[in-house]
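These are my notebook entries on a structure with its sequence. I set down what I looked up, term by term.

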Amino acid sequence: MPENELSNSVRRLRFENGQMTQQDLADKVGVTRQTIIAVEQGKYSPSLPLAFRIAKVFGATIEQVFQYGESK
Amino acid sequence: MNRTQKEAMCSLIFFTVTLVFVVLILAARLIFKKDVVYITYFMLATIAITNVLGLLYVLRKQSPREVITDERDKLIKLKALFASFVSVMISLAMMLVILSIILGIGGSIGVWLLTLILFVISIAASMVYSAAVLILYLFGKDNAGERT
């Protein structure tokens with residue numbers, strides 16, 4: 001059975017947006033720093049509202065931040 | 001470490017200490033028939049101090065803008081609550097089986113013993129809840145998107 005995986009570019013986008021720290025991003029989107037760490041490591045897939053808030057902080061579309069792919 | 005993790009860690013320590021003290025006091029009174037009034041006071045004071053210190057640690061903010069709880073915390077707490085509920089069910093079932101084996105089908109136990117069993121199970125359930133929160137934070141792989 002194929003496994004659906006959500007990858008993201010949050011870490012890269014943080015560094016491209018003025019070396020933003022995880023705490024800064026967490027404060028801007030209203031979550032804890034641990035949640036940002038989990039999202040970056042792929043341990044946690046954020047809810048749709050949180051994904052939109054993260055994309056909004058970077059001034060990017062949701063597809064530019066999160067990529068959905070299928071792998072075996 | 002965020003507030004949910006701190007809460008879980010402190011309550012795990014608190015409930016472990018409480019359970020150990022309860023077992024020690026009961027062992028002293030029921031098995032060794034010793035009067036342990038002063039030791040009981042000492043243990044109660046230790047529990048109270050542990051509780052106050054834990055509360056101070058939990059309430060101290062890392063930064064003024066620190067978020068108290070978020071969607072991942074809620075998801076983890078929900079899973080931990082389920083784990084705790086399952087542990088209560090298993091503990092009660094095991095307790096009933098053990099008691100029926102020891103006492104027989106028509107056997108009976110004192111009300112105080114039943115209260116004690118429920119008290120210990122509730123402490124154990126709280127420990128399972130706290131441990132589950134900590135484990136899910138360390139090793140959990142959640143997928144909120146697939147949940148809905």
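The entries below go from the chains to the contact between them.

**Conventions.** I worked from a predicted model, in which local features need pLDDT of at least 70 and side-chain atom pairs count only at pLDDT 80 or more, while totals for chains, interfaces and linings use all residues. Residues are numbered from 1 along each chain as its sequence is written, and chains are lettered from A and ligands numbered from 1 in the order in which they are written.

**Chain B, overall.** I took helices (H or I, at least four residues) and strands (E, at least two) as DSSP runs, numbered from the N terminus. On that basis I found five helices and one strand in chain B. Read from the N terminus, the order of elements is α-α-α-α-β-α. I then looked up the radius of gyration, taken over C-alpha atoms, and the globule rule, which is 2.2 Å times the number of residues to the power 0.38. Chain B has a radius of gyration of 19 Å, well over the 15 Å that the rule gives for 148 residues, so chain B is more spread out than a compact globule. Along the principal axes, its C-alpha atoms fill a box of roughly 55 × 40 × 20 Å.

I counted a residue as buried if 20 or more other C-beta atoms, placed from the backbone, lie within 10 Å of its own, as exposed if 12 or fewer do, and as partly exposed in between. Of the 148 residues of chain B, 16% are buried. For contacts, I required C-beta atoms, placed from the backbone, within 7 Å. Among contacts in chain B between residues at least 6 apart in sequence, 88% join residues at least 24 apart.

**H1(B) and H2(B).** I used axes that are lines fitted to C-alpha atoms, for helices over the stretch in contact, with angles from 0 to 180 degrees between N-to-C directions. The axes of H1(B) (residues 3–31) and H2(B) come within 9 Å and cross at roughly 175°. This makes H1(B) roughly antiparallel to H2(B); the classes are under 35 degrees for roughly parallel, over 145 for roughly antiparallel, 65 to 115 for roughly perpendicular, and oblique for the rest. Among the residues in this contact I noted Phe14(B) and Phe21(B) of H1(B), and Met43(B) and Tyr57(B) of H2(B).

**H2(A) and H3(A).** These helices pack at an angle of about 110°, with their axes 8 Å apart. H2(A) is therefore roughly perpendicular to H3(A). From H2(A), Gln22(A), Gln23(A), Leu25(A) and Ala26(A) meet Arg33(A), Thr35(A), Ile36(A) and Ile37(A) of H3(A).

**H4(A).** I found Leu50(A), Ala51(A) and Ile54(A) buried in this helix, residues 48–58. They lie on the same side of H4(A), because they cover an arc of only 105° around the axis, the arc being that of the directions from the helix axis to the C-beta atoms. Just after H4(A), Gly59(A) has a positive phi of about 65°.

**Between the chains.** I recorded 16 residues of chain A in contact with 12 residues of chain B. On the chain A side, helix H2 (22–29), helix H3 (33–40) and strand E2 (44–45) each give two or more residues.

**Val67(B).** Val67(B) sits in the loop between H2(B) (37–59) and H3(B) (71–103). What does Val67(B) touch, leaving out residues up to four places away in sequence? I found Ala26(A), Gly30(A), Val31(A) and Thr32(A). Val67(B) counts as partly exposed because it has 18 C-beta neighbours inside 10 Å.

Conventions
Two residues are in contact if their C-beta atoms, placed from the backbone, lie within 7 Å.
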